[in-house]
Amino acid sequence: MSIESSLHRRGFFQHMAGGLCGASLAWLLEREAAGIQHASPSAPPAFDLKPRSPHLPVRARAVIHLFMNGGPSQMDLFDPKPMLDQLHGTDRFQKFAGEIENLGSVGTIMRSPFKFAQHGQSGMWMSDALPHLAQHVDDIAMIRSMQTTNLTHEPAIYLMQTGKMGPGRPSFGSWVVYGLGSENQNLPAYVVLDDPLGLPVNGIENWQAGFLPPQFQGTRFRSNGSPVLNLRADVARSAVLEDLERGVLAGLDRAHQAQRPFQPRLGARISNSELAARMQLEATDALDLSQETAATLESYGLNGEKTESYGRRCLIARRLVERGVRFVQLYINGQIWDNHSGLESGLKQACARTDQPIAALLTDLKQRGLLDETLVIWSSEFGRLPIAQIGAGEDPRTAGRDHNKNAFCCWLAGAGVKKGVVHGATDDLGFAAVENVVTVPDWHATTLQLMGLNHEHLFVEMNGLRERMTGVSPARVVREILA
Amino acid sequence: MYTRLFLLVGVCIRWLVFLVLSAVVGGEAIGATPLGADAAAAAADVPQFERDILPLLEAKCFRCHGEDTRKAELDLRTVASMLQGGESGPAIVAGKPDDSPLYQMIHDGLMPPESTPDTRLSDLQVQLIHRWIERGAAEENRPSSKVERDDPAQSMSVHTVLPILLRNCTVCHGAHVREADLDLRTLAGMLKGGKSGAAIVPGDAENSLLVRRITVSEMPPLKQLIAFGVKPITPNELAAIRQWVDAGAPEGDWEPDIASTEPDPLVTDADRQFWAFQSPQVVAIPRVQGRAAIGNPIDAFVLQQLESHGLTFSPESDRATLMRRATFDLLGLPPSAEEVVAYLADTAPDAYERWIERLLASPRYGERWGRHWLDVVGYADSDGKREQDLFRQYGWRYRDYVVRAYNQDKSHDRFLLEQLAGDELAPYEPNTAVSPEVYDNLVATGFMRMAPDPTWAGPTNFVPDRLDVIADQMDILGSAVMGLTLKCARCHSHKFDPIPQRDYYRLTAVFKAAFDEYDWLKSNWEARLSKGIKSVRELPVALPHEVKDWQDRKTDREQKIAAAQSALETRKREAMAVQVERRLADKVPEELREAVRIMLRTPPDQRDRALQDLAARYEKELSITDKELAQSDMEFAQFEAASVTQTRAWEAEITSPPSIRGLWDRGDPSPTYMYRRGDYLTPGRIVGPGVPSVLTDGRTPFRVEPPHPGAKSTGRRLAFARWIVREDHPLTTRVYINRVWKHHFGSGLVRTLDNFGRAGAKPSHPELLDWLAREFMRGGRSTKHLHRLLVTSATYRQSSSVTPALAAKDPDNAYWSRMPMQRLSSDQLYDALLVVANRLVDRPGGRPDLVEVRNDGLSTPRAITGGWRRSLYVRQQRKIVATHFEVFDFPAMNPNCPERRDSTVALQALHLWNDALVQTLSDSFARELGRPAGTTARQQVALSIRSAYGREATEAELQAGARAIGQFADQWLAEHAADGLARDPQDTQQQAQQHALSLWCHALVNSAEFLYVD
């Protein structure tokens, strides 16, 4: 089958030296170029981001990953726990001691300050912190039984992003574009929309390509000004002078190359300079929101002070997906979901910034028929504990919740995902997932499957080992949420 | 009804298929085994171990899991040994074939490994094993459940419970902290107990303090779990402790597994035959036809292969090209324009050799070659992994040590000895000044402290976090020094190489006295938070002048603080007296005032009755608080505030003593357990220190002795280091010279630099590799000697031009029929930009320079006075990488970089074209060209080409360059005509000229010839 062979060729020819710090693209280039050199020395190198057929029937063509780092509180947003109201104020320290990060500020069981209600045809529960998302419950599949293995942000985020609790491995987006390539050669295949207010925990390591070649790394797009770093000259130059200089440079490079036949890297370098020029046009166009209607801008909350920033990124995400970008990842600055104190006000603020834009994104994608081919993922690195986090003698209204690795929620919507379903369950307190537990590798396998990629067949061979996103951990595709 | 019919048909079909299969498979695949034709019949009833299973295993498995060889520590000869299992746990679970690794591995075709149709088990045989396990995995006359499990006490030892105590208790009741005088690391310690008595009463768990304290959750103290990196003891763990105490707390019969004179059952002599595990051989220099082309013996080896493929050497490079190549290779910098002129004018036959000597003598050489070493060891200036990305205050000392070692041409064996066991080479005392030699010894051990390390803070300082640090460090050791992917053996025996899991743990035992996951040193960060911490991960020793500077500064600041404090007190007393007088005047009748003054001066216990009465009446009213004093005397308040601010500043200048980031043996290590599947919660056998068996003859014990009489240190690492640098070591020298070769020739003789094992590449020129290894030894392991050999060879002097014939016959340059054209690395490029701009600040060593991050994410090294230092001295914060370095493939150290990648991506073009720093440096470059007054455009072009390309310009280039500069100037003038009128026309002309030159320079540094070396 040709679908199989096209990807397998990708999978198999890359016998990389394990020690290479990131695979050597040039090395790969040379390998490929060596093969074609005899036929046509000037043929362009074949290693690129051309679209590739997936292993499995395509469900999602693109992904929008809304990464909510910090650990949103599942029992205050998605997973109602009436038992907490009954047991409010009772002590559970002994039971949870080994699972608490901040042992200096352990409180008692804390009920949710939010009210839960059922919504839509599906009757999915959602708290009143998310009024806009609540209108979309019939489009999403909610997993309430996520579990991870570390209760500290950094390792937990590495695990969620790369499948391992440390830096150095390809991120989720890198694997996807490695497997599928891109449908737009003038834009990066994997675009990161980080918050202008600051980087998330683990910073740029969140979108690194690890041992995959660097073009599979996420490219940061700024949502204001010049989208890509160094896309425009840092020091203003006149256009005419710039063109003149370009002409001189081209002359130098032509003369250099003419004296050096059979050097594929010189050709690759020139074609990359051309790509840089094309990117300049297309990236600028993708970020030009003046092409949108006033109603669209309003719906994403671009006129609202709190929603403007995240709304802009959600809208840009749609525009990128429209243009064939494979993987768009949205971040939010700092740790807005990390409500160690002031849970109620903190969660309200975090929701106020993101709820309307996300709902608008879902509506917009649906109206344009894009939701059928786009997978929208909302996920975090862990959840929070059912007990309060509060210091002795402090005002109960300042109480927060500490990290919890044993239970958290993620939701998916769009291509290939069942609509309006809830998967898995936690115990009565919401402390731990107990039913249909979904591990991080399960989650990776499932999302890859939705992209048409089989997690066992997507690998890079290094030192004789097949390195996969799910590693050696057993991973199960959560078929229950697949349409 | 229909359903049932279908079922029936289905069953029938399945039977049919089964019968057909049985006939075919049985006839072909099983025929050779003793099972013979009875297979189908045997399959029908309960399989018998001796009749059905044993012969099968004997035929297929015993070669590796039998009497002589026990791969993965697994012996499949008896049911008992299968139940006991190997390094991954039991091989079978009676009654549960699908949970039994034996069945899984065979069923999935993973065993026998690399199986062919001949060695593979047939489907029927696989089914047979399935059924045998399903039916209870019985051995005849002996139900499996009872196998050698009769007396639990027999199989118990102190190591049944010790791992639990090590994980959860010994951090406070162990080697360094001994709360309540209790040491739980040994049975004797438990029996002796602490302040509250014996920790255990053998045979009586209920009355053992240890058990009682744990049972009531008093220990470990729940509130301090994170601070000490421990977890609550689980019910299972507690049950194990109880059981062991109740069984009489047996010490047990155990010895750590170490290499002995007995043949090693896990690694065979056949395993040792692989080329990389054999010592480098003596090889004869081959005879070749084109003898005239030979510069030195290297060329004979290379030419021999070229000739065998109908090739010969490419012509020699022109002199300028060769000079630029060698200069970038050895210094990482381009030759200056003046050097190019002088070199080209020097037509003596040995001009090149003398130039090489100059390069090797340059202090820039150590910076370049030190950088290569820093890559493989994973040097970084921060700890990584955590968001704070903690700065490594003393990291630079190791960087400077490496540079120094290369500049001194330290012999490679000494270099490794120092880095692996410098602390054991010569005695030293902490908290003192040490000699330069001892300083280098200790700083060198920073090699073993390079891994990303999150363990400086509680939540990421649990045993598994520490084990990850150790594993990364083993990975670095393996890939940098040994050319082996050792890390694979952390969880199971290596898949490709004969490295049993045991050998990984023996290696960690070598490092145990310094890297002990159960006795982990606290970080400086923690020490700052908690005053009680005495021993930290930085060793307080330094060179005499540093200690003196530090001591002088400390004494000076302490004196200043003391003086300031006494001045403040005096002022306060005076100010207070004034205020007291005011109140006296206000509140006390005049006639009593003198008596009250006396009362205030008299200490309370010396007051007589009358004074006491006065005190009762007036003392409270007259006492003035600090706040009242400050409010009523503004002048004093200001004085006090200034004094406090100044004192704090001085206090901040009293730093902790200058220290070293190193690794040192602390003696008395914990036992080393093998962790089943790498999981610290499933400790297995105890091993002692040792080296990979495949690299030894398998019959020689690993001898460890204290490094010097009376040493506290174990000597384990010193023994290891001495083994690593043995002349006959199969890997150490080969791995090192292969890297040196790679950095001159673009790729290694073994292309997988960090993997000489079976999954790595075979050497393209095995004899050359061995000849070089032995020649390296002969030259006293001098790296500079090796450089001389390599760069003066005819192989190195070849041109990099590719002809159609070369492209056809040697497309990958596998035979070195030419030199490869190479792109400058990120550091070479950065440094070259600084050189041509004349902005390189030559101030080697010391603390690294900061990287500034702009709001939009652009990160740039911050300028210092005069420009910038070499890339080597830019701070290498793991999470803040300067954009230039990131774009041009500077490696992320996770944990190290055995080989850099070299990509060609669009962002590189964008960066060079648009980046502000590149623009600034182009402007500087242009100013340098314009500096000699009255130079013509042609002369400037000539100079610029000499600087940027290291050669003389051609006539065509001179013309084109001058024309371009003229065009740039005209255009600039046209654009600035309006604002030019207001100024001096000559000045305007000059500005135009400068801008034009700057554009020319910018084009040059953007061009391929600047970026690539022929």
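Two strands count as paired when DSSP finds at least two bridges between them, and strands themselves are DSSP runs (E, at least two residues), just as helices are runs of H or I with at least four residues, all numbered from the N terminus. Everything below is a predicted model, where local features need pLDDT of at least 70, side-chain atom pairs count only at pLDDT 80 or more, and totals for chains, interfaces and linings use all residues. Residues are numbered from 1 along each chain as its sequence is written, while chains are lettered from A and ligands numbered from 1 in the order in which they are written.

**View 1. Strand E9 of chain A and its two parallel partners.** Here, strand E9 (residues 327-330) pairs with strand E7 (residues 190-193) of chain A in the parallel sense, over four bridges. Another four bridges tie E9(A) to strand E2 (residues 62-67) of chain A, again running parallel. Look for A:Phe327 in E9(A): A:Tyr190 stands opposite it, and A:Val63 stands opposite it too. Both faces of E9(A) are covered, with A:Phe327 and A:Gln329 buried on one side and A:Val328 and A:Leu330 buried on the other. A residue is called buried if 20 or more other C-beta atoms lie within 10 Å of its own, exposed if 12 or fewer, and partly exposed in between, with C-beta atoms placed from the backbone.

View 2. What does A:Val328 touch, leaving aside its neighbours within four places in sequence? It is in contact with A:Ile64, A:Val191, A:Leu193, A:Ala317, A:Leu320 and A:Val321; contact here asks for C-beta atoms, placed from the backbone, within 7 Å. A:Val328 also belongs to the largest nonpolar core, which has 321 residues. Such a core is a set of buried Ala, Val, Leu, Ile, Met, Phe, Trp, Tyr and Cys residues joined through C-beta atoms within 7 Å. The residues with the most contacts inside this core are A:Ala317, A:Val328, A:Trp411, A:Leu412, B:Leu833 and B:Trp1000. Helix H12 (residues 343-367) of chain A gives the largest share of the core, ten residues.

**View 3. A hairpin in chain A.** Strand E4 (residues 116-119) and strand E5 (residues 124-127) of chain A run antiparallel, joined by four bridges. A:His119 has A:Met124 as its bridge partner in E5(A). Four residues sit between the strands of this hairpin, and A:Gly120 takes a positive phi near 65 degrees.

**View 4. A:Ala392, out in a loop.** This residue is found in chain A between strand E12 (387-389) and strand E13 (403-404).

**View 5. Helix H17 of chain B, one face in and one face out.** In H17(B) (residues 351-361), B:Trp355, B:Ile356 and B:Leu359 are buried. Seen down the helix axis, the buried residues fall within an arc of 100 degrees, so they line one face of H17(B); the arc is that of the directions from the axis to the C-beta atoms. They pack against helix H15 (319-331), helix H16 (337-345), helix H18 (363-377) and helix H33 (783-791) of chain B. On the other side of H17(B), B:Glu353, B:Arg354 and B:Ala361 are exposed.

**View 6. Where chain A meets chain B.** In this view, 72 residues of chain A are in contact with 73 residues of chain B. On the chain A side, helix H2 (25-37), helix H5 (93-96), helix H6 (153-162), helix H8 (239-258) and helix H9 (264-286) each supply at least two residues. H8(A) gives the largest share, eleven residues. By type, the chain A side divides into 33 nonpolar, 27 polar and twelve charged residues. For that count, Ala, Val, Leu, Ile, Met, Phe, Trp, Tyr, Cys and Pro are nonpolar, Asp, Glu, Lys and Arg are charged, and the others, Gly among them, are polar.

Key
Contact = placed C-beta atoms within 7 Å.
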